[in-house]
Amino acid sequence: IEALNLDVRTVTMGVNLQDCVDTDPKKTGERIRHKLVSLAAHLRQDAKNIEQKYGIPIVNVRIAVTPIANLLSHPSVENFVYVAHVLESAAAEVNIDFIGGYSALVQKGFTEAERALVGSIPRALSETERVCSSVNVASTKAGINMDAVCLMGGVIKQTAHLTAERDGIGCAKLVVFANAVEDN
């Protein structure tokens, strides 16, 4: 471990947020925050305990959640940015490094919610520190959603612009996938 600088890059807790959905985006946000804080309250300490027990450094502790595009019944850029702030707040409260799942799976086309989430990504990533985003634009089975590829080019550029003073960190927290695992 010391000679080769081995480590555990990331410990991830997966959290299903499907039961947090409400017709009111604010209530959805409250439920998300409550669930994340209650489930991950000891995640950082648990990672430290594992690190000490096995003597292997753990670099990052993170949470991965249900794709957020699936959770809002009243999708809008503003509502999704609100949820990004909820995720950020919960992540800060439990002292984790990253929270993933600010995501959409659009390889088969866009829903209204997915289009709104994708449109919100530049703001969400520029206004948060821990929130990470991903968009799956293609799969072997469905092919390539060229509208999504085109749209994501603009999203990446706008995200870079909005986080330029921080070395474009927003783009480091954004992944454009092909063949993302849909049920992870």
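**How the terms apply to this model**

Q: Why is Ala40 called buried?
A: Ala40 has a relative accessibility of 1%. Buried means under 20% relative accessible area, exposed means over 50%, and partly exposed lies in between, with a 1.4 Å probe and protein chains only. Ala40 therefore counts as buried.

Q: What kind of model do these values come from?
A: This is a predicted model, in which local features need pLDDT of at least 70, side-chain atom pairs count only at pLDDT 80 or more, and totals for chains, interfaces and linings use all residues. Residues are numbered from 1 along each chain as its sequence is written, and side-chain values use heavy atoms, with hydrogens and water left out.

Q: Where does Ala40 lie, and what is it in contact with?
A: Ala40 is in the loop between α1 and α2. Helices (H or I, at least four residues) and strands (E, at least two) are DSSP runs, numbered from the N terminus. Contact means heavy atoms within 4.5 Å. With neighbours within four places in sequence left aside, Ala40 is in contact with Met13, Ile63 and Val94.

Q: How many Å separate the C-alpha atoms of Ala40 and Leu162?
A: The separation is 30 Å, for two residues that are 122 residues apart along the chain.

Q: What makes Arg33 and Glu93 a salt bridge?
A: A salt bridge is a side-chain nitrogen of Lys or Arg within 4 Å of a carboxyl oxygen of Asp or Glu. For Arg33 and Glu93 the N to O distance is 2.7 Å, and their side chains meet in a salt bridge. Arg33 belongs to helix α1 (residues 25-39) and Glu93 to helix α3 (residues 77-93), so the pair ties together parts that are 60 residues apart in sequence. Side chains of opposite charge can pair when their charged atoms come close.

Q: Why are Arg33 and Glu93 called partly exposed?
A: The relative accessible area is 30% for Arg33 and 46% for Glu93.

Q: What makes Arg130 and Glu88 a salt bridge?
A: Their closest N and O atoms are 3.2 Å apart, and the two residues form a salt bridge. Arg130 lies in the loop between α4 (112-126) and β4, and Glu88 in helix α3, so this pair ties together parts that are 42 residues apart in sequence. Arg130 is partly exposed, with a relative accessible area of 22%, while Glu88 is buried at 12%.

Q: How many salt bridges does the rule give?
A: The count comes to nine salt bridges.

Q: Are Cys132 and Cys150 buried or exposed?
A: Cys132 has 18% relative accessibility and counts as buried. Cys150 has 61% and counts as exposed.

Q: How do you know that β2 and β3 pair?
A: Two strands pair if DSSP finds at least two bridges between them. Strand β2 (residues 58-65) and β3 have three bridges, in the parallel sense. Ala64 stands opposite Gly100 in β3. β3 is also joined to β4 by six bridges, and these two strands run parallel. Asn136 in β4 is the bridge partner of Leu105.

Q: Why is β3 called largely enclosed by the rest of the structure?
A: Six of its eight residues are buried, so β3 is described in that way.
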